[in-house]
Amino acid sequence: MGFNILAELERLRTEIDEISIKILNLLNKRAEVVKKIGLEKEKLGIEISNPLREETLNSILCKNNKGPFSNEAIKRIFKTIYDESKDIQINKDNNISNLKIDLGNGIFIGKDCLPIMIAGPCSVESEEQLDKTASFVHETGVKILRGGAYKPRTSPYSFQGLGEKGLILLNKYAKKYGMLSVSEATTIENLKFVEKYCDIIQIGARNMYSYPLLEAVGQLRKPVILKRHFSATIKELLLSAEYIRKGGNKNIILCERGIRTFETSTRNTLDISSIPILKKESYYPVIVDLSHSAGRKDILNSLLLAVLGVGVDGIMVETHINPDEALSDGNQQMNRDEFFDFMKIFQKFLDLGI
Ligand code: PEP
Ligand code: MN
């Protein structure tokens with residue numbers, strides 16, 4: 001008797017295994033069709049997400065549902081299938097970290113490229129400050145100069161940036177030292193100026209959720225650095241990138257810059273795991289802004305090794321000729337000597353050719 005019950009259990013388990021494999025094959029067959037639909041939608045410029053279509057399919061499923069699963073249970077199961085299907089349509093090339101972006105001046109980022117360094121002041125403050133900072137940044141071999149002109153400051157009474165004048169200076173001194181330039185756009189209006197004067201457009205953490213701004217960047221073709229909001233999940237960052245890609249601009253570089261946690265010893269908590277995950281789940285190059293992650297200079301050399309170790313495509317840091325007098329983020333900007341030490345470590349890593 002006991003033996004028979006066990007044998008029956010074994011038989012039922014085998015039956016479940018066989019049915020599960022059939023479901024698996026059908027799910028993947030469904031996913032192949034989903035991929036094809038994604039390609040057709042792209043050709044027609046149609047939105048990937050279609051809640052109406054999901055509702056129609058749900059009502060067909062409910063009409064055909066003979067139980068024992070309730071209609072509600074079926075809807076929950078299919079919700080997961082719909083969500084995963086959207087991801088398949090978004091990451092059409094499936095597997096991935098394969099984009100190589102031409103930044104200009106013969107500089108590339110991404111697939112098969114060595115990591116790049118982006119450095120410069122938090123804010124463009126004056127001719128003298130930018131010239132002297134760009135000069136020592138250039139001396140170390142850095143090819144991309146950063147500098148904020150439209151500063152998203154927590155307090156409206158803090159220095160807000162020089163605006164267009166700042167961009168003109170950034171353009172002038174990047175050219176003087178043969179570097180590319182990157183600066184942040186905070187609105188659709190100032191995006192026009194950032195596009196005009198800079199080689200790379202930055203969308204800051206605070207604007208990762210500014211969908212109209214992301215759509216406007218999607219209409220351009222210049223490379224864009226999209227920073228992760230300090231409260232955004234990896235998935236939300238990827239969906240924000242999708243707002244840009246959907247408009248036709250595929251030149252997207254994702255930037256981890258730390259997230260907010262209960263920890264107070266750093267300005268933000270650098271989410272190291274996001275780097276390999278973003279590279280696995282998207283085809284975009286991934287960089288890390290170490291300065292805004294840490295908010296302090298004394299651990300940057302260690303963090304540099306950590307992010308290089310997990311395979312970043314680039315690093316961004318803030319540097320200033322005289323950080324004590326900086327109009328923004330004075331605590332986290334490296335001076336000349338500190339930056340030279342930092343770059344020695346970076347160069348050693350590059351020399352290893354890993
Ligand atoms: C910046 O890079 O100047 C900046 C403001 O960074 P974040 O958007 O990451 O805070
Ligand atoms: Mn800053």
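Visitor: How do the residues of the shell around ligand 1 divide into nonpolar, polar and charged?

Guide: The shell around ligand 1 has three nonpolar, three polar and five charged residues. Here Ala, Val, Leu, Ile, Met, Phe, Trp, Tyr, Cys and Pro count as nonpolar, Asp, Glu, Lys and Arg as charged, and the others, Gly among them, as polar. A word on the ground rules: this is a predicted model, in which local features need pLDDT of at least 70 and side-chain atom pairs count only at pLDDT 80 or more, while totals for chains, interfaces and linings use all residues. Residues are numbered from 1 along each chain as its sequence is written, and chains are lettered from A and ligands numbered from 1 in the order in which they are written.

Visitor: Which residues are around ligand 1?

Guide: They are C122, G148, P152, E184, G204, A205, R206, K227, R257, D289 and H292. To be listed, a residue needs its C-beta atom, placed from the backbone, within 6 Å of the molecule.

Visitor: What does the secondary structure of the chain come to?

Guide: There are 12 helices and 10 strands. Both are DSSP runs numbered from the N terminus: H or I of at least four residues for helices, E of at least two for strands. The C-alpha trace spans about 90 × 45 × 40 Å along its principal axes.

Visitor: Why does I315 count as buried?

Guide: I315 has 23 other C-beta atoms within 10 Å. A residue is buried if 20 or more other C-beta atoms, placed from the backbone, lie within 10 Å of its own, exposed if 12 or fewer, and partly exposed in between. With 23, I315 is therefore buried. I315 lies in strand β10 (residues 314-318). Leaving out residues up to four places away in sequence, I315 touches P115, M117, I118, I287, V288, L290, L304 and V307; such a contact needs C-beta atoms, placed from the backbone, within 7 Å.

Visitor: And why is D131 called partly exposed?

Guide: D131 has 15 other C-beta atoms within 10 Å, so the partly exposed label applies. This residue sits in helix α4 (residues 127-139). Its C-alpha atom is separated by 32 Å from that of L352, 221 residues apart along the chain.

Visitor: How much of the chain counts as buried?

Guide: Of its 354 residues, 38% do.

Visitor: Why is α5 called roughly parallel to α6?

Guide: Helix α5 (residues 164-176) and helix α6 (residues 188-197) pack at an angle of about 15°, with their axes 9 Å apart. Axes are lines fitted to C-alpha atoms, for helices over the stretch in contact, and angles run from 0 to 180 degrees between N-to-C directions. Angles under 35 degrees count as roughly parallel, over 145 as roughly antiparallel, 65 to 115 as roughly perpendicular and the rest as oblique. So α5 is roughly parallel to α6. The contact is made by E164, L167, I168, L170 and N171 of α5 and F193, V194 and Y197 of α6. By class, that contact has six nonpolar, one polar and one charged residues.

Visitor: What makes α7 oblique to α8, then?

Guide: α7 and α8 pack at an angle of about 40°, with their axes 6 Å apart. That angle makes α7 oblique to α8. The residues in contact include Y211 and L214 of α7 and S240 and Y243 of α8.

Visitor: Which residues of α7 are buried?

Guide: In helix α7 (residues 211-218) they are L213, L214, A216, V217 and G218. Their cover includes α6, β6 (200-203), β7 (224-227) and α8 (234-246).

Conventions: Contact = placed C-beta atoms within 7 Å.
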